[in-house]
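Student: Hey, can we go through how the chains in this model touch each other? Could you put it up first?

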There are 4 protein chains.
Amino acid sequence: MEAVRSATRTPVSVLGATGYTGVELLRILAHHPAVELVHLSSEQYRGRLASEVYPFLSGIVDETLGAPEPDAAAAGELIFLALPHGAAASLARDLLRRGRRVIDLSPDFRLRDAAVHTRWYGDHGAPELLSEAVYGVPELYRDRLRRARLVANPGCYPTAALLGLAPLARAGLLSAPVVIVFVPHLLPVSRGILTTMYVRVPGGEPPLDSLFEQAYSREPFIVLRGAGPPPELREVRGTNRCAIGWRWDEATQHAIVVTAIDNLGKGAAGQAVQCLNVLLGLPETTGLEAPALVP
Amino acid sequence: MEAVRSATRTPVSVLGATGYTGVELLRILAHHPAVELVHLSSEQYRGRLASEVYPFLSGIVDETLGAPEPDAAAAGELIFLALPHGAAASLARDLLRRGRRVIDLSPDFRLRDAAVHTRWYGDHGAPELLSEAVYGVPELYRDRLRRARLVANPGCYPTAALLGLAPLARAGLLSAPVVIVFVPHLLPVSRGILTTMYVRVPGGEPPLDSLFEQAYSREPFIVLRGAGPPPELREVRGTNRCAIGWRWDEATQHAIVVTAIDNLGKGAAGQAVQCLNVLLGLPETTGLEAPALVP
Amino acid sequence: MEAVRSATRTPVSVLGATGYTGVELLRILAHHPAVELVHLSSEQYRGRLASEVYPFLSGIVDETLGAPEPDAAAAGELIFLALPHGAAASLARDLLRRGRRVIDLSPDFRLRDAAVHTRWYGDHGAPELLSEAVYGVPELYRDRLRRARLVANPGCYPTAALLGLAPLARAGLLSAPVVIVFVPHLLPVSRGILTTMYVRVPGGEPPLDSLFEQAYSREPFIVLRGAGPPPELREVRGTNRCAIGWRWDEATQHAIVVTAIDNLGKGAAGQAVQCLNVLLGLPETTGLEAPALVP
Amino acid sequence: MEAVRSATRTPVSVLGATGYTGVELLRILAHHPAVELVHLSSEQYRGRLASEVYPFLSGIVDETLGAPEPDAAAAGELIFLALPHGAAASLARDLLRRGRRVIDLSPDFRLRDAAVHTRWYGDHGAPELLSEAVYGVPELYRDRLRRARLVANPGCYPTAALLGLAPLARAGLLSAPVVIVFVPHLLPVSRGILTTMYVRVPGGEPPLDSLFEQAYSREPFIVLRGAGPPPELREVRGTNRCAIGWRWDEATQHAIVVTAIDNLGKGAAGQAVQCLNVLLGLPETTGLEAPALVP
C-alpha cells in the first residue's frame with residue numbers, strides 16, 4: 001500500500017479482511033496494479049496491523065484494521081464485502097446510495113427471490129436490491145457485470161458445478177427440472193475442490209468437445225482437458241483457474257464432467273477480483289496471472 | 001523376528017517384500033502374534049537387510065532379503081505373493097504342489113476365465129488353478145476362504161466398490177447387467193481411497209439401513225455410518241477398516257453409498273492378513289487391532 | 001472395552017480423555033492386552049460417547065465420558081491424569097490416599113522444589129508429594145518407577161533432549177552448570193519433534209559410539225543411528241520410539257546429537273504407557289509394538 | 001509467451017527448463033513484465049511442449065522444448081543455465097563470446113579457485129572465467145552484479161546461512177577461521193529451508209537489532225523478525241523472501257540466528273530472477289511480488 005494515492009489506481013475497501021476469504025483478497029489485491037487498498041476492516045482484530053495478524057503479509061499489507069463502517073468503507077470506490085451472511089445487505093444499500101460499487105462474497109444477494117432467501121437465511125435487509133444484483137461469474141454473465149453496481153459472488157460449490165454444466169445446459173442436454181445430488185467429501189488438503197458431475201443424456205453421445213470449446217476456448221481462466229490429463233488440484237492451487245475434463249460413457253449413456261478449482265481462488269476471492277476487473281474495464285487476468293505453486 | 005521358531009507360530013514367507021504392498025505386509029506381520037516371518041524376498045534389494053532398506057523397520061524386521069525362489073519360500077507354511085502380475089502364477093503352482101497355502105496380491109488369480117485373463121494380461125502361467133482360487137474378501141467369501149489353498153486378493157478399487165454395493169446386490173437392487181462408471185481422482189494424500197457409488201433404484205426407497213446392518217453389523221472391520229458423520233480418510237488410515245455411509249436421494253431415486261478405506265490396508269495388505277487369519281482359524285482381528293493414526 | 005472385567009486385566013482410568021494427549025492414551029490403551037479402561041472423563045464432552053466425539057474410535061472406545069471426579073476415577077487401580085496444570089495435584093493426593101497409583105502427564109509433579117513450582121505455576125495443591133513423584137523416563141529411572149505410586153511424566157521437549165544428552169552427562173562430558181539454548185521451530189507437520197544438541201567437549205573426541213551403545217543398546221524403544229541414516233520424523237510417527245544420531249565435529253570440537261520422537265508418543269502418551277508397563281511389571285513394549293505408519 | 005517480440009522485453013533463454021529449478025524459473029518468468037522467453041531446452045523432453053510435461057503451465061508456457069545448444073540459446077540476450085554441474089562451463093564460455101550474459105544456477109562457477117573446484121567436481125571446462133563470475137546474492141554483491149556478464153548463483157544452503165551471518169561478519173563478530181557445523185534435517189515438507197546458526201561472541205552482547213537493521217532495512221526481500229514472531233516456512237513458501245529472527249543467549253554468550261527461505265525461491269530460481277533484475281537495471285522486485293501462498 002502506498003501513502004500517496006496513485007492517480008491511476010482505483011481505491012478499494014475490503015470489509016472482513018481477516019477471514020479466510022478476506023485474507024485471500026488481500027493476498028491478491030496487494031499487488032494488483034490497478035487498485036489501491038484504502039480501508040480494511042476486521043471486527044475481531046480492529047486496531048491491529050494486518051501484517052501483525054498475518055506475518056506473511058509483512059511489508060505487503062501493513063495497514064491498520066478498522067471497523068466495518070460505511071463512512072470509512074466509502075473511501076473506496078469499490079468495496080468488497082467478505083462478511084458473514086446477514087451483515088452485507090444494509091451495508092451494501094448504504095454504499096450504493098453513496099455512489100459506490102459493491103462486490104459481495106456472502107450469500108446475501110445470491111438468491112433473486114426474497115421469499116426463498118427468507119426461508120433459508122431469515123429476513124433480508126435490503127430486498128429491493130435482489131433483482132439488481134448480478135451473479136459474479138464472468139464466464140456466464142460478463143455483459144451484465146460490466147455495468148453492475150452490485151455483484152453477488154457465488155460460493156465455491158456452485159462455481160465448480162456451474163462451470164462444468166453450463167455448456168451442456170446451453171445445448172439443452174439438461175432436462176428440466178434439473179435434480180442435483182450433492183455429495184461433499186472432506187479431504188485433508190488445504191486448498192481445492194474437485195467436482196464430478198454425471199449427466200444422463202438420453203439421445204446418445206453429444207459433441208462434448210465442441211460444446212466445451214465453443215463455451216470456453218477464449219476464456220483465460222478455463223483450462224480444457226477433455227480426454228487429456230485429468231484435472232488435478234495441484235494445477236489450480238493458488239490460482240483463479242478452473243480445469244475441466246470430460247468424457248462420454250457409452251455403457252451408461254452419461255456425460256461425465258470433472259472440474260478442479262481452488263476454493264479460495266476461482267471459488268471465492270480470485271473470482272471476485274476477476275469481477276472487479278470486468279467492472280473496471282480491465283483485462284480480466286490483471287493481478288491474477290500467477291501460475292499454480294507446484295510443487 | 002525371533003531366532004528360534006515358536007511352536008505356536010505359523011511360519012510365513014513374503015515374496016516381493018520391499019514394494020509398497022510388501023512393506024505394509026511386513027509392518028503388520030512383524031507383530032502378528034500367531035505368525036513368524038521366515039523368508040522375505042526382494043529382487044531389487046537381494047542380500048540387504050529389510051531394515052537397511054527401510055530404516056523404520058530397525059529392530060522390527062532385520063532379516064536379510066533373499067531371492068523370490070520356491071525352495072526358500074517353502075520355509076513358510078503360508079506364502080504371501082506381493083509380486084508384479086505374471087510372476088505369481090507358476091510360483092503359486094509350485095508352492096501348492098509342496099503343500100503350501102498361498103495368498104496372492106497380484107492380479108494373476110483374480111479372473112476366473114483364462115480367456116479374459118489372456119486378453120488383459122497375456123497368457124496365464126497356471127490356468128488350471130483359476131477355478132480353485134478364492135476371492136480374498138472375507139466379508140463375502142468367508143466360508144470358502146477357510147478351506148482355501150489359494151487366495152486371490154482383490155485390488156483396492158474393487159474392494160472399495162464391492163463392500164459398498166454388496167448389500168444392495170444381495171437385495172436384488174442392482175439390475176443386470178451392472179454398468180460401472182469409473183472416475184478416479186488423484187489427490188495429494190499419502191493413503192486412502194474414497195469411493196462414491198450412485199445406484200438408481202426404480203422401485204422407490206429401499207430399506208438401506210437394514211440392508212447394511214444385516215450385511216455388516218457383525219463384521220469387525222466394517223464401520224457403519226449411515227446418515228451419521230460421513231466416512232473420512234483419516235479414520236481408516238493405517239487400519240483394515242472400511243467406513244460406509246449411505247443415503248437415499250428422493251429427487252433422483254438414487255441410493256448414494258460412500259466408502260473409505262486405506263488402499264494399503266483393507267485395499268491390500270490388511271485384507272490379505274485378514275484372509276490369513278481366516279485360513280488359520282484365528283480371530284479375524286488378530287494383528288489388525290491398531291486404531292487409525294489420528295492426528 | 002469389554003462389559004465383563006477380565007480377571008487378568010488391570011482396571012485403568014483416564015481423566016482428560018478428549019484432549020490431544022488423552023485421545024492418544026485411548027488410542028494406545030484400547031488394545032493394550034493387560035489393561036481395561038473403566039473410567040474416562042472429559043469436562044467438555046461429559047455425557048457423550050468417546051466414539052461420538054472421535055469417530056475413528058467407533059467400535060474401539062465406545063464408553064460414555066464422565067466427570068473428572070475421584071470417586072468414579074478410583075474404579076481404576078491406576079489412573080492417568082491428562083489434565084491442565086493445577087488440576088492434577090489434589091486429585092492425585094485423593095487417589096493415592098485410596099491406594100491407587102497415578103501417572104500424571106501435567107507439569108504438576110515435575111519439579112521437586114515447591115518454591116520453584118510456585119514461581120512458574122502458582123501455589124501447589126499437594127506439595128508434600130513432590131519429593132515422592134518419580135520422573136517418568138524408564139530409560140533413566142526404571143528402578144524407582146517399578147515401586148512408584150506417583151509418576152510425573154515429562155513433556156516432549158525435555159524427553160527429546162534428555163535422551164540425547166544423558167549418555168554424555170553420565171560420562172561427565174557436560175560441564176556444570178549446563179546451559180540450554182532452546183530454539184523451537186514451528187513446522188507444518190502433524191506429529192514429530194526433531195531436536196539437535198551441540199555439546200562442546202573441550203578434551204577432544206569422546207567415544208560417542210560406545211557411550212550411546214552402553215546407555216541404550218538394550219533399550220527396546222531407542223533406535224541408535226550413529227553415523228548411519230539420520231533420524232527422520234516419519235520413522236517414529238505413531239510410535240514410542242526415539243531415534244538418535246550423533247557425530248563428532250573435529251573443527252569445532254562439538255558433539256552433535258539429533259533425536260527424533262513423536263511428541264504424542266515417546267513425548268507424551270506412549271511414554272506414559274511405557275511407565276504403566278514398568279509399574280505393572282509387564283514387558284515394556286506391551287501394547288506399544290506398532291511400527292511407524294510409513295508412508 | 002507472445003508470438004511477436006515486444007520492443008521493451010529482454011529475450012531470455014532457459015537451459016534445463018524441466019528440472020526442479022528450471023520449472024520454477026518458468027513459473028516466475030512466464031509473467032515477468034520485462035522478459036520474454038525465447039528458448040527453452042530439456043535434454044529429457046526435447047520436442048515436447050513444456051505445458052505437456054507440466055500441465056499446470058497450460059496457457060502459460062506452451063513453447064516447444066529444444067536442445068541445450070548455444071546456437072538456439074543465443075536467441076536470448078540473457079541465458080539461465082539450470083543444468084547439472086559440469087554442463088554449464090563450456091556453454092557459458094561460448095555464450096559470453098557471442099556477447100550474451102549468463103546466470104548459472106549450477107556449481108560450475110561458484111568456487112574462485114580452479115584447484116579447489118577440481119578437487120570437488122573434477123576438471124573445470126572454462127577455468128579462465130572463474131575470477132570473473134560474480135556471486136549471485138544481490139544483498140551482498142549488488143554493485144558488482146550490475147555490470148556482471150556471468151553470475152554464479154549460490155545453492156540454497158549457502159544462501160540461507162550467508163544472509164543470516166553476513167551482518168555479524170561485517171561487524172567482526174565471526175572470529176577467523178569460521179567453522180561451520182552443517183546438520184541437515186530431512187522434513188516432510190514440499191518447500192522450505194529453516195536454518196539455525198549459533199555464533200559464540202566472546203565479548204558480550206552485540207547490538208544485534210541494529211546490525212541486522214543496518215544490513216537489511218532497505219532490502220525488499222528480507223523480513224526482519226528479531227524477537228518478534230519466529231520465521232516460519234509458510235510465510236516464505238512460493239516467494240523470494242528470507243525471514244530472519246535472532247536473539248542473544250546470555251547464559252551461553254551465543255547469538256542465535258534463524259533464517260527461513262523457500263529453497264526453490266530465494267534458494268534458487270527466485271534469487272536468479274532477482275539477479276536478472278539487477279543486471280537489467282530493473283526494480284529488484286519486478287516479477288517477484290507474489291505473497292506467500294497461505295494457507
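Tutor: Chain A and chain C share no contact (heavy atoms within 4.5 Å), and their closest C-alpha atoms lie 12 Å apart. This is a predicted model, where local features need pLDDT of at least 70, side-chain atom pairs count only at pLDDT 80 or more, and totals for chains, interfaces and linings use all residues. Residues are numbered from 1 along each chain as its sequence is written, and chains are lettered from A in the order in which they are written.

Student: And what about chain B and chain D, how far apart are their closest C-alpha atoms?

Tutor: They lie 12 Å apart, and no contact joins chain B and chain D.

Student: OK, chain C and chain D then. How many residues does each put into the contact?

Tutor: Chain C gives 21 residues and chain D gives 21 residues.

Student: How much area do they bury?

Tutor: About 1900 Å² between them, with 74% of it on carbon and sulfur atoms. Buried area is the accessible area (1.4 Å probe) that two parts lose on being put together, summed over both. On chain C, the trio of Val181(C), His185(C) and Tyr198(C) supplies 25% of what that chain buries against chain D, more than any other three residues.

Student: How many salt bridges cross between chain C and chain D?

Tutor: Zero, going by the rule (a side-chain nitrogen of Lys or Arg within 4 Å of a carboxyl oxygen of Asp or Glu).

Student: Which strand of chain C gives the largest share of the side touching chain D?

Tutor: Strand 7 of chain C, with three residues. Strands here are DSSP runs (E, at least two residues), numbered from the N terminus.

Definitions and conventions: Side-chain values use heavy atoms; hydrogens and water are left out. Helices (H or I, at least four residues) and strands (E, at least two) are DSSP runs, numbered from the N terminus.
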